[in-house]
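Hi,

Here is the structure I said I would pass on. Please open it first; my notes follow below.

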Amino acid sequence: MDVLPGISYLFGQLNRALLLPGSHFSLFSLASAFSIGLLVLAVRRYRKGRRIRLRSLLRALFPKRLMLSKSTFADFGYFYFNIFVFGIAFGWAVLSYDAVSRGVGGLLTASFGVMPPAPMPDFVARAIITVLLFLAYELGYWLNHYLSHRIPFLWEFHKVHHSATVLTPLTNFRVHPVYMCIFSNILAVVTGLANGLGDYLLGQSVPQYGLSETNIILVFFIYFYVHLQHTQLWIAFTGWLGHLLMSPAHHQIHHSRNPAHFNKNLGSCLAVWDWMFGTLYVPARDSEKLEFGVEPDREHAHTIRGELIAPFGRAARLLKERLARRAVPVPLAAADRKQAY
Ligand SMILES: [Zn+2]
Ligand SMILES: [Zn+2]
């Protein structure tokens, strides 16, 4: 049996995930997050007049309780699954971003005629498309996340991410394949629409600025604080900044078991869409006492059975109940009353 293709596939996937500088989980961005985390802790200790020792900083960043938790082991499982399995199984399901973009461009041209190229240097046009696509990415992320929290059927699949009882950067991977599939398609539609509209208004098709094909603004946030959103390190943007950017504390609030925090802070890097749609919760400057996880004591928590398979059963049951409710005939008198209003 020839195992070489399998081994080269495994290394290829690992290389894509960890070594491409624009990857969402590159070692470079992790090193950046680690350095920022260390710096924040050191400055806090310095201000309190405490001694700064690397050992105690590392212990604060990687507490044993977190590293040895069942939840973290499950996150490792999801990391493996998403890197090595998900890519092959569901790549076909993603709607073509290019097809949506071209479709929008064609529709606008057919409706309003050909747009002459905007009189501006190439780098300005590229900068405009880069900002537009980043905003569209954030909007698509917010929309998918909002639907996942509001529609019970979709929540069953997104709940997997919220079942983490401790947060580490690996929790990023704790997402169900069905969630990822819907997310990828919503993202393709929203960013495709934005690109089609942008190309039409600019009168030309220009590429965004990126690093290994990832939008450069998104890359900046990945290096800056996206990894720190899934940690226990309380870094809170408050005031006007807290209305613009989704700080690590914003996302920790999103994972909180406190009902006051449910369905809040659904954005990725920006807080503006949450602010605009009324789902923003700006965290306090000082750390709030938070507990993470949904039904943490339920059966088969943090196992393949509980996190990967069980959501299908629960979602199917919800769908069945919904269809059964629809099938119940409405009494005639009630139907008349409905029409009268
Ligand atoms: Zn969520
Ligand atoms: Zn999260």
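Cys269 is buried, at 0% relative accessibility. Cys181 is buried as well, with a relative accessible area of 17%; the cut-off for buried is under 20%. The disulfide count is zero. For that count, a pair of cysteine sulfur atoms would have to lie within 2.5 Å. Keep in mind that this is a predicted model.

Next, the zinc ion (ligand 1). Which protein atoms are its donors? They are the NE2 atoms of His145, His149, His158, His162 and His254, lying 2.1 to 2.2 Å from the zinc ion. Along the chain, the donors follow the spacing H-x3-H-x8-H-x3-H-x91-H. His158 sits in helix α8 and His254 in helix α12 (residues 248-254), so this pair ties together parts that are 96 residues apart in sequence. Buried or exposed, these two? Both His158 and His254 are buried.

Now the helix pair. Helix α7 covers residues 122-150 and helix α8 residues 152-162. Their axes come within 6 Å and cross at roughly 105°. That angle falls in the 65 to 115 degree range, so α7 is roughly perpendicular to α8.

The contact itself: from α7, His145, Leu147, Ser148, His149 and Arg150 take part. From α8, they meet Pro152, Leu154, Trp155, His158 and His162. By type, the contact residues divide into four nonpolar, five polar and one charged.

Best wishes

Methods. Residues are numbered from 1 along each chain as its sequence is written. Chains are lettered from A and ligands numbered from 1 in the order in which they are written. This is a predicted model: local features need pLDDT of at least 70, side-chain atom pairs count only at pLDDT 80 or more; totals for chains, interfaces and linings use all residues. Side-chain values use heavy atoms; hydrogens and water are left out. Buried means under 20% relative accessible area, exposed over 50%, partly exposed in between (1.4 Å probe, protein chains only). Axes are lines fitted to C-alpha atoms, for helices over the stretch in contact, and angles run from 0 to 180 degrees between N-to-C directions. Helices (H or I, at least four residues) and strands (E, at least two) are DSSP runs, numbered from the N terminus. Angles under 35 degrees count as roughly parallel, over 145 as roughly antiparallel, 65 to 115 as roughly perpendicular and the rest as oblique. Contact means heavy atoms within 4.5 Å. Ala, Val, Leu, Ile, Met, Phe, Trp, Tyr, Cys and Pro count as nonpolar, Asp, Glu, Lys and Arg as charged, and the others, Gly among them, as polar. Donors are N, O and S atoms within 2.8 Å of the metal (3.2 Å for Na, K and Ca); water is not among the atoms, so sites may look incomplete.
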